[in-house]
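I opened a notebook page for this model. Entries follow in the order I looked things up.

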Amino acid sequence: MKFFPGNILAIETSCDETSAAVVRENSVLSNVVSSQAELHVKWGGIVPEAAARAHVEAILPTIQEALSIAAVSLHDLSAIAVTNRPGLIGALSVGVSAAKAIALAFDLPIIGIHHLEGHVFSPWVSRPMQIPHACLIVSGGHTELLDVQAPGSYRILGTTIDDAAGEAFDKGARLLGLSPWGGAAIQAAATLGDPERYVLPTAKLSNRFDFSYSGLKTAMLRLTQVEGERLNVADAAAALQQSIVSPLVERAIAAAEELDRALLTVVGGVSANLSLREKMAREASRFGIEVQFPEITLCTDNAAMIGLAGAFRFGRGERDDCHLDCEANSQLPGCVN
Ligand code: KG4
Ligand code: ZN
């Protein structure tokens, strides 16, 4: 794989993190993430209009900080990579507009990157991507099991038929009265809990690499209603975490096994979960499969991963022009089902 050789400014604003990074080939020179989590707590979830306004306020200082940490000026840039799909349109368009303005002002090539392709690249900082490999993407908006046949060439093996794994963590956390940014809160509460005290359902699906989490949300709601004041939050958090993690481990390993892939990567915000990391590594080793995760700071949304995907796509000679647009929904490029 040939990476683009110059400095790339990468920008990510698809949801509630404003992020800018500078990458050169597959090295990350800086990666600044400004989170809006606190802003959305009072509404109990992400309000798209508020997210877009917060991106407008944060975008320029975040870019300036990324350039300053990398000790790179706008004149030292060779290209711009920006997440343009999928995501909240208002949020995406802040990053895309900033990227286009800089590209026009400094006469730089620009490329729009698919957010999930960024996650696929996130474990591959400063080292070549091993191919082929299986990849489980688990985030707030997506749960996808992929076969990465080559960089830019993917096959979707399974997906969620309803809620994403991160969404199940977030909704469960809200039902338990924890932070709406639930994954980390559930993980913390679950450390002292007994996962066997409450029994939560796992879905049976016709495609054995698909996932479903909406029944779990309903079961959690019922549990909180039935138990009321008696509910032990730590035990409920542990049961929820186990019910989210177990199908991820089981199906990702089954997919790697079936495809005869010696390597499985697990990426996206939920890949920061320690229980998932431990169980996946333990189970994979029983089958002789190696598991790799991104650094914790590169699990949740960040621009460094967008820069790596950009360095790969620019390296192949691809680029967009100043008409680059945003798309709320979009399939991963180079994808066959
Ligand atoms: O990748 P990401 O930042 O955004 C999307 O692309 O959606 O993922 C955010 C998701 C949220 O649902 C959050 O609760 C979850 O990642 N998350 C975690 C943990 N840290 C973040 N879930 C479980 N355990 C964690 N430690
Ligand atoms: Zn993401």
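I began with aspartate 163, which is buried at a relative accessible area of 8%. For reference, buried means under 20% relative accessible area, exposed over 50%, and partly exposed in between (1.4 Å probe, protein chains only).

Before going on, I noted the ground rules. This is a predicted model, where local features need pLDDT of at least 70, side-chain atom pairs count only at pLDDT 80 or more, and totals for chains, interfaces and linings use all residues. Residues are numbered from 1 along each chain as its sequence is written, chains are lettered from A and ligands numbered from 1 in the order in which they are written, and side-chain values use heavy atoms, with hydrogens and water left out.

**Salt bridges**

I asked which residue aspartate 163 forms a salt bridge with. The partner is lysine 171, with the closest N and O atoms 3.5 Å apart. The criterion is a side-chain nitrogen of Lys or Arg within 4 Å of a carboxyl oxygen of Asp or Glu. Lysine 171 counts as partly exposed, at 22% relative accessibility.

Lysine 171 also meets glutamate 167 in a salt bridge, at 3.0 Å from N to O. Glutamate 167 is partly exposed, at 24%.

Next I checked glutamate 227, which forms a salt bridge with arginine 230 at 3.7 Å between the closest N and O atoms. Glutamate 227 is buried at 19%; arginine 230 is exposed at 57%.

I also found a network of salt bridges linking Glu117, Arg313, Arg316 and Glu318. The structure holds eleven salt bridges.

**Zinc site**

I looked up the zinc ion (ligand 2). His115 (NE2), His119 (NE2) and Asp301 (OD) coordinate the ion at 2.0 to 2.1 Å. Donors are N, O and S atoms within 2.8 Å of the metal (3.2 Å for Na, K and Ca); water is not among the atoms, so sites may look incomplete. Along the chain the donor spacing is H-x3-H-x181-D. Histidine 115 and histidine 119 are both buried. They lie four residues apart in helix H4 (residues 115-121), so about one helical turn separates them.

**Sheet**

Last, I traced an open sheet of six strands, ordered E10-E9-E6-E7-E8-E11 with mixed pairing. Pairing requires at least two DSSP bridges between two strands. Strands E10 (290-292) and E11 (335-336) are the edges, each pairing on one side only. Strands E7 (residues 143-150) and E8 (residues 153-159) pair antiparallel over six bridges.

Notes
Helix = DSSP H or I, 4+ residues; strand = E, 2+ residues; numbered from the N terminus.
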